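User: I am new to this structure and want to know what stands behind the terms used for it. Please set each value against its definition.

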Amino acid sequence: MTGRHDDLLAMLPGIRRAEWRVPRRRVILPPRNVRDVETEDPLLDRDDMMRRLVRRETPFDLLIIGGGATGVGIAIDGASRGYGVALLEQADFGKGTSSRSTKLIHGGVRYLQQGNVPLVMEALKERGILRRNAPHLVRDLPFVVPNYQWWEAPFYGIGMRVYDALAGKYGFGESRNLSREDTIGRIPTIEQDGLRGGVIYHDGQFDDARLLLDMVVTAAEQGAIVVNQLAVTELRKGADGFVNGVHARDGETGESFELRAYAVINATGPFTDAVRRMDDPAAHTVMRPSQGVHLVLDRAFLPGDSAIMVPHTDDGRILFAIPWHDCVLVGTTDTPIAEATLEPVPHESEVAFLLEHAARYLTRDPTRADVRSVFAGIRPLVGAESGDETATLSREHTVLVSRSGLVTIAGGKWTTYRKMAEDAVDHAATLASLEPRPCVTRELNIHGFHPRADKFGPLAPYGADAPAVQALFAAHPHGSELLHARLPVRAGEVVWAVRHEMARTVDDVLARRTRALILDARAAIEAAPRVAAIMAQDLGRDEAWQRDQVDAFTTMAAAYVLL
Ligand SMILES: Cc1cc2nc3c(=O)[nH]c(=O)nc-3n(C[C@H](O)[C@H](O)[C@H](O)COP(=O)(O)OP(=O)(O)OC[C@H]3O[C@@H](n4cnc5c(N)ncnc54)[C@H](O)[C@@H]3O)c2cc1C
């Protein structure tokens, strides 16, 4: 894995050593018993986190900027080693790219095509580790590569067997060639005109925002302070010119304050360069952001349990059609963009590309009217030279250390977040002269761990928390009521999200604590007033707050509706 280091350690003036503390015992969380929803402490409590943050008298060992997969992974890693960790997220956990992925925990067939074997092997290994540590959220998904040309069966058949071999002991199911009949049996809606057969292989699938939430809880359980709606506005430097903390602004109160730290880690994904320029206004650009769009269709377009993978579209992209919850995700595109924003907007050309290609492989051609939701995300790709094609830019991660000691980690993928975190903490601990402590996350279960979560039915994504969520439904007067006839979301989930998962806005609940916004954007907009009312009761907010929330959500969510 790439790891650039500016020989900075040699230049460090004196040694800054973190205070000594007893290493936190490695905790392998057992499946939990039902929580007592009336009496137990919340899983996450923003007010409590804020109190602990501002009252801290000594510098944090690690202060992380950014609450996506990368930053939260670092918070888990650092806290489970016993370091004092704080993580600040300007909006909500996963508001950036980490809730907008294709939802695959995969080695990356694309990188195999590019011949990047080390990256594929590392990702396949991480895939296996993650399925072991979060079995309630990572599942095996069969993919079918449909064959329309004579050479595709041997070519992709061999390619997928190489993929299996690279996974070694971390393998999922075995790949094999399928006859035309078996291909149609698995994908009844596959375009049959010219179909010769297919190749089946296996990869991992997950719910990105939900895994991230469970990771945030895991970080908190390990002792990290994690706060959303808290933006880093400036870096703080000592007389020696080294970064020794941040200035932060609370998005809820507008209050600003300073926090001190031995090491500050920039894990802001597509926003990497903005934070690097807080450190050095002349810092060169390392981010080459690229936008990817997904369409969400009704499940009738892809019944059955298998996904479709098209390895090579006209312009060399990979196209997926994937069953996910009760719908189908079709994606993705790869469009270089000039600047990162928190709500990237799909381009018309991307929508047209996806509809056109989906129609080529499905018997019924999807139209704009069939699209339940469309969402875009920004790949935080690290590029060296301008003019590189983003599809060929490396998905490997890069650790940079600036002359003033800001650690930046960028690039990579969701699948490799754990390894990225290990590398980032190793760099930061060396830089800040923290007492060396080994990484333990390979063996650390993610909160919600449950080996048989499927027995919880629709609440399976909550894993070991499912019985407690169910108990809350019963304890709340309207807990079991559906929020909307077209959404598989109950009113009690809103209460759970507010009480236990630090949901602060209607967007937090409808886009990430539940996946309503991407399952059906129109239905989510219609459900927003009800969500605002339920949240207001728990958070103690007035009607003006509810109106503002509904207006903000409706305006934002309009971009997810295809007219
Ligand atoms: C379309 C698409 C599909 C993908 N599919 C897959 C896939 O199937 N599998 C896979 O493994 N990978 C996939 N990826 C890649 C993966 O999603 C990303 O690599 C990963 O989510 C990046 O996480 P991150 O934490 O680095 O960035 P982000 O998730 O964007 O997090 C960065 C966070 O930093 C916060 N932030 C920024 N500035 C500040 C500040 N000043 N103060 C505080 N917080 C700040 C932002 O609000 C944001 O929440 C996909 C990516 C895209 C775009």
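User: Where does Leu-166 lie?

Analyst: Leu-166 lies in helix 5, residues 152-167. Helices here are DSSP runs of H or I with at least four residues, strands are runs of E with at least two, and both are numbered from the N terminus. This is a predicted model, in which local features need pLDDT of at least 70 and side-chain atom pairs count only at pLDDT 80 or more, while totals for chains, interfaces and linings use all residues. Residues are numbered from 1 along each chain as its sequence is written, and side-chain values use heavy atoms, with hydrogens and water left out.

User: Why is Leu-166 called buried?

Analyst: Buried means under 20% relative accessible area, exposed means over 50%, and partly exposed is in between (1.4 Å probe, protein chains only). Leu-166 has 19% relative accessibility, so it counts as buried.

User: What does Leu-166 touch, not counting residues up to four places away in sequence?

Analyst: Leu-166 touches Leu-112, Val-117, Val-120, Met-121 and Leu-124. Contact means heavy atoms within 4.5 Å. For Leu-166 and Glu-122, the C-alpha to C-alpha distance is 9.2 Å, and they are 44 residues apart in sequence.

User: What makes Ala-358 buried?

Analyst: Its relative accessible area is 5%, so Ala-358 is buried. Ala-358 sits in helix 9, residues 348-361. Beyond its neighbours within four places in sequence, Ala-358 is in contact with Leu-319, Val-330 and Pro-366. Ser-80 is 44 Å from Ala-358 in space, C-alpha to C-alpha, and 278 residues from it in sequence.

User: Why is the pair Arg-46 and Asp-250 called a salt bridge?

Analyst: A salt bridge needs a side-chain nitrogen of Lys or Arg within 4 Å of a carboxyl oxygen of Asp or Glu. The side chains of Arg-46 and Asp-250 meet at 3.0 Å, N to O. The pair links distant parts of the chain, with Arg-46 in helix 1 (residues 46-55) and Asp-250 in strand 9 (residues 243-250), 204 residues apart. Arg-46 is buried because its relative accessibility is 4%. Asp-250 is buried because its value is 5%.

User: How do you know that Asp-507 forms a salt bridge with Lys-95?

Analyst: Their closest N and O atoms are 2.8 Å apart. This pair also links distant parts of the chain: Asp-507 is in helix 13 (residues 506-513), Lys-95 is in the loop between strand 2 (85-88) and strand 3 (104-105), and 412 residues separate them. Asp-507 has 13% relative accessibility, so it counts as buried. Lys-95 has 8%, so it counts as buried.

User: What about Arg-276 and Asp-273?

Analyst: Their side chains meet in a salt bridge at 3.4 Å, N to O. Both residues lie in helix 8 (residues 272-279), three residues apart, which is about one turn of the helix. Arg-276 is buried because its relative accessibility is 9%. Asp-273 is buried because its relative accessible area is 7%.

User: Why is Arg-515 called buried?

Analyst: Its relative accessible area is 6%, so Arg-515 is buried. Arg-515 lies in the loop between helix 13 and helix 14 (516-519). Leaving aside neighbours within four places in sequence, its contacts include Ser-99, Asp-207, Trp-324 and His-325.

User: How many residues surround the ligand?

Analyst: There are 38, and the closest are Thr-70, Glu-89, Ser-98, Leu-104 and Thr-415. A residue is near a molecule if one of its heavy atoms lies within 4 Å of it. By class, the shell has 14 nonpolar, 19 polar and five charged residues. Ala, Val, Leu, Ile, Met, Phe, Trp, Tyr, Cys and Pro count as nonpolar, Asp, Glu, Lys and Arg as charged, and the others, Gly among them, as polar.

User: What N or O atom in a side chain lies 2.5 Å from an oxygen atom of the ligand?

Analyst: That atom belongs to Ser-98. A backbone N or O atom of Thr-97 lies 2.9 Å from a ligand oxygen.

Technical notes
A polar contact is a pair of N or O atoms within 3.5 Å; within protein, one must be able to donate a hydrogen and the other to accept it, and residues adjacent in sequence count only if both atoms are side-chain atoms.
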